[in-house]
Structure formats: structure tokens, C-alpha cells
Amino acid sequence: MDKINIYKINQWKNKKFKFAAITAYDFSFSKLFSDYGIPIILVGDSLGMVIQGNNSTLNVTLENMKYHTKAVRKGAPNKFIISDLPFMTFMNKHQALKNSCLLIKSGANMIKLEGNIRIKKIIKYLSKKSILTCCHLGLKPQNIHKEGQYKIYGNSIKDKKNIIQEAIILEKSGANMILLECVSNNISKIITKKLKIPVIGIGSGKHTDGQILVMHDMLGINKEKKHKFVKIFLKKNISLKESIKNYIKEVKLGKFPSKKHTFF
């Protein structure tokens, strides 16, 4: 089986081939997602909530991320794995490099960082050191204490200008991918068209190059009130394999997310 790499993902963007990604945190599920055709797996600091049972991602440690990245890599040896740098682990470029290297040694292909243009110098430094990076824009869970609430981004004129500018600046700084969370559909469309690098969306409309869902949401494991952008693919009389295949198919055909799952 061919390994998924950033060159192949860039080709998908150029060919307008939409792709599905998923979060996973252990060997068993990452193997299932790998075997059934998911090309990109994110080891997210969302594990703080869905695995550890915390109210936010802020208590996740670098050791947690290393542990789960190693497990996911064992289950998906040929897939493209992105790992989060958790809260307070990339306060400067040297700390970011050191901790990124630890995640790469644990099995990550790419490192994801939350932040806006304040991290552009870090992104530029990591790029010079040949570290692939994904910048997380829009709703940023690590900033929840500062923001005070979860909200949709891109509805105000200020938001629109800021997010588009941030994405462009971060690409110029060397980012290899952008993840947009809870960004309005119209703004996501503009960003995806303007950037040469792949854009993945969660709750950000259908126009991004790829889509990602937290596995617990996609499979209906999370019994909390689901977000508007979540669709449960594992339903009665449908196997786990079928649910994963359906998710991949609906993303590829542009059927997911539909208007029902989109913020305008």
C-alpha cells in the first residue's frame, strides 16, 4: 500500500479531489480507519475531552500526545498522521521545534498548532527546519478561556478580514496546511481558493479541500448534545465499515457537509 505524503495531498487539492480525515487516538480505531480507506488521521488534543473526560483540551500534556501518536502510528503505518502541539508547548520557536521533533519521532508526519499570525515566526522557523505544519484557525479550543465561549467565525466584517489575512500570512510563512474550525461557509470558500496549500474544514462548509470529524462524533459514541456540523454515520443496521465508507464517499462527492451541517 502506498504511503500518504504531503506531495500526494497537494495533488488532491490541485485536482480538486476532496478527501476525508478523522481523529483517532489508539491502535484499534486507527487500524480500522486505515484499513477502510481514511488517508489522514489527526491525533488531536481533543483526547482531553473524549478520552480523559475533561471539560477542555487544556490539561493535555506532550507526554499524552506522544503516547497516543505512537499508538495511532502502529495502527496506520502508511497513513498521513497529524499531531497536535498541546497548550503551552510552543511558546517560542525553540520550544516548538523541540516538542515538534518529539511528536515526529513518535510517528507524526505533520504538527498542528493553534493560533493566528502571532505564531508566524514559529511557523517560519519550523519550516526552515523541514517540519511540516498545519495551522488551526477559527474556533481554537486552546483559547477558550480568553474567548469565553465557542462561536462561529467569519460572520462579522472584522472576522472575515482577520481570518483571510491570517491564512494568507501563515501560508507565506511556510505552513503546509490550514485547518478551519467553525468558520462560515463563504469565508472558507474564499480561503480555500486563495491558498495553494490544502485546507481542511470542520464545521466550515463544503468548499474546503478536505473534511474532518472527531471519531466519537462521526460514530455517534459521544452522547453529549451534538454540534450542528456533526453527522452520525454509524446508524442502525449499518456496519462500522459501511459507516466509514459512507463518510469517505459523501465527502468525496461533496454531499457532506450539507446545508444542514453548515454555518452561513
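Tutor: α3 (47-50), β4 (110-114) and β6 (177-181) each give at least two residues to the lining of the largest pocket. Helices here are DSSP runs of H or I with at least four residues, strands are E runs with at least two, and numbering starts at the N terminus. The model is predicted, so local features need pLDDT of at least 70 and side-chain atom pairs pLDDT 80 or more, while totals for chains, interfaces and linings use all residues. Numbering runs from 1 along each chain as its sequence is written, and side-chain values use heavy atoms, with hydrogens and water left out.

Student: What makes a space a pocket, and what makes it a cavity?

Tutor: Both are sets of points on a 1 Å grid over the protein atoms alone. In a cavity, a 1.4 Å probe fits but cannot get out. A pocket is open, with protein on both sides within 12 Å along at least five of seven lines. Lining residues have an atom within 4 Å of a point. The idea behind it: rolling a probe the size of a water molecule over the atoms shows where empty space is left.

Student: How much space lies in the largest pocket?

Tutor: About 770 Å³. Of its 34 lining residues, M49, E181, V214, D217 and H227 are the closest to the centre. That volume is the space filled by probe spheres set on the grid points, which are joined across faces, edges and corners.

Student: How is the lining of the largest pocket split by class?

Tutor: It has 15 nonpolar, eight polar and eleven charged residues. Ala, Val, Leu, Ile, Met, Phe, Trp, Tyr, Cys and Pro count as nonpolar; Asp, Glu, Lys and Arg as charged; the others, Gly among them, as polar.

Student: How many cavities of 30 Å³ or more does the structure hold?

Tutor: One. The largest cavity has a volume of about 30 Å³. Its lining consists of G201, I202, G203, Q211, I212, L213, F229, F256, P257 and H261. β7 (199-202) and β8 (210-213) are the elements that give two or more residues to it. β8 gives the most, with three. By class, this lining is six nonpolar, four polar and no charged residues.

Student: F256 and P257 line that cavity. What is the peptide bond between them?

Tutor: The bond from F256 to P257 is cis, with omega near 0°. P257 sits in the segment after α11 (240-252). Most peptide bonds are trans, and most residues other than glycine have a negative phi.

Student: Which residues go against that phi rule?

Tutor: K16 and C182 are among them. K16 has a positive phi of about 60°, and C182 has one near 55°. K16 lies in the loop between α1 (6-14) and β1 (19-23). C182 lies in the loop between β6 and α9 (185-194).

Student: Why is K16 called exposed, and why is C182 called buried?

Tutor: Buried means under 20% relative accessible area, exposed over 50%, and partly exposed in between (1.4 Å probe, protein chains only). K16 is at 73%, so it counts as exposed. C182 is at 5%, so it counts as buried.

Student: What makes W12 and F17 an aromatic pair?

Tutor: Rings of Phe, Tyr and Trp (its six-membered ring) pair if their centres lie within 6.5 Å; planes under 30 degrees apart are stacked, over 60 edge-to-face, the rest tilted. The count by this rule is six pairs. For W12 and F17, the centres are 5.8 Å apart and the planes 50°, hence a tilted pair. Ring pairs link W12, F17 and F19 into a cluster. W12 is buried at 14%, whereas F17 is partly exposed at 33%.

Student: How do you know that A96 is buried, and what does it contact?

Tutor: The relative accessible area of A96 is 0%, so A96 is buried. It belongs to helix α5 (residues 93-105). Contact means heavy atoms within 4.5 Å. Leaving aside neighbours within four places in sequence, A96 contacts L85, T89, F90, I122 and L126. A96 and I122 are 26 residues apart in sequence, yet 7.1 Å apart in space, C-alpha to C-alpha.

Student: And M91: buried or exposed?

Tutor: Exposed, because its relative accessibility is 54%. M91 is in the loop between β3 (80-84) and α5.
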